[in-house]
Every structure is written in C-alpha cells, then in structure tokens.
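Look at the structure first, then read the points below.

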Amino acid sequence: MIMAPGLRKFVLAAHLTFSIGWIGAVVAYLALGVSSVTSQDALTVRGAWVAMELTGWYVIVPLALAALLTGLVISMGTKWGLFRHYWILISLALTILATVVLLLHMPTVSLMADAAREADGADLGGLGGDLLHPGVGLLVLLVITALNVYKPRGMTRYGWRKQHEERTVSQP
Amino acid sequence: MADLPPYPGTPRWVKVFGIIAIGLVLLVVILLLTGGPGRHMGPGGGGGPTPSSSVTEHRL
C-alpha cells in the first residue's frame, strides 16, 4: 500500500530523526567507553559505566527499534518496497543485525555497570572497557547511512519482475 | 502480456559487499571460537568484558 504524501513525509522525518539519533547516541556511548578505559579517576570510570548502561537501555535501544520500525514502514509504504532494491535489502539486514547484537550485548553492559557501582576504586581498573561493540556498530550504521544516501543501482530478481508487471499493467 | 526481459544480474557492488560480509562473519566466528571479544554471557560467562574477581567478590 502506497502512503499519502503527507504521511510519507512524516514517517520519513521520523525515520531520519531516529536513525541519525541512533548514530549520535552511539558516538556518545563510544566517548563514555573511551573514558572508562583511559581515565585514572575512579568516579569517572564508575560514572562512565552507569551512563553507558542508561544511554544503552533508554536511548540507543529505543532509537534502534524505532529506526527499524519506521524503516520498514517507509519502504513498504512507498514505491521502493522492501525486497526490490539491493541497497534496501542490505540496509534492512544490517539494521536487524545491529539491533540484535545490541539487544544481546546490553545485559552484559548492565552487569558491568552493577559491578562498577559496587566496586572499590582500586578494583574499577579491572573492569576494562567497551569499545569493540560501539566501534563496529558505528561503522555498520555509517555503511547503512551511505547506502541510504547514495542508493546504488541494482534490483533484485523480485524487484525486476514486479517492475515489469507494473509497466505491463500501466501500458496495456 | 509482454515477455519478461532478461534479468541483468546481480550488480558488482553487491558481490563485493557479500564477499566482505562473509569475511567479517568468518572473522567473528573465529573470534568467538577462540574466546576473543564478542560473547554476550557477562561476568562469569567466560567472554566479553568481564570484571576482575576482586570486583565480582563485592557483589556477593
């Protein structure tokens, strides 16, 4: 079903907001992760882990789910479709992958934040950091952004067939 | 109804993307099998960022 222009713009604006917000939140998370690794100050390390947990659960996870949901709506509600173009299919796969890894990783972040809350200052150095997940996650989100901006050519077999069917119907 | 024109094939950039993706998946699998970063079991689970034993003792 194709959305009305007004609704399409609203959903597109929401999708852009959630997606770019997701990237910004991961950058903030990464900064906290760097400070948890590099800082010698116990309060900073403890605060960084607590902030990483809060940012993860209350900002990154909701933004990821909202970006995924609005992405599905905008693609299915426009002529682009969900399975017609390779760039959309790959963007969808990468978004699902990033969201699943995020949801699997966040319980570990919560455990680390709990440990940071209760640890003595000298023990906080043993916590280490969390740079791999947000680093790779940010890279994946930037790839998705590039795909969405450049929209490289290439239709799937399904998209090729559907396009031909629609042309045949519109030009009998 | 007109015949379906021949499918032009999968674009080169998709093939390159797929090869890179397969390489990265293999890398992650190797890291998981060798006990490197990437597990999601938390403290005591044997993978991922894990607090030191002195840290976890405070939680008991």
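**Chain A in brief**

Chain A has five helices and zero strands; these are DSSP runs, H or I of at least four residues for helices and E of at least two for strands, numbered from the N terminus. The model is predicted: local features need pLDDT of at least 70, side-chain atom pairs count only at pLDDT 80 or more, and totals for chains, interfaces and linings use all residues. Residues are numbered from 1 along each chain as its sequence is written, while chains are lettered from A and ligands numbered from 1 in the order in which they are written.

**Overall shape**

- The C-alpha trace of chain A spans about 80 × 30 × 25 Å along its principal axes.
- Buried residues make up 31% of the 172 residues in chain A (buried means 20 or more other C-beta atoms within 10 Å, exposed 12 or fewer, partly exposed in between; C-beta atoms are placed from the backbone).

**Helix 1 against helix 4**

- Helix 1 (residues 5-38) and helix 4 (residues 132-150) of chain A pack at an angle of about 155 degrees, with axes 9 Å apart (axes are lines fitted to C-alpha atoms over the stretch in contact; angles run from 0 to 180 degrees between N-to-C directions).
- That angle makes helix 1 of chain A roughly antiparallel to helix 4 of chain A (under 35 degrees is roughly parallel, over 145 roughly antiparallel, 65 to 115 roughly perpendicular, the rest oblique).

- A:K151 lies in the loop between helix 4 and helix 5 (157-170) of chain A.
- A:K151 is not a glycine, yet has a positive phi of about 45 degrees.
- A:K151 is partly exposed, with 13 other C-beta atoms within 10 Å.
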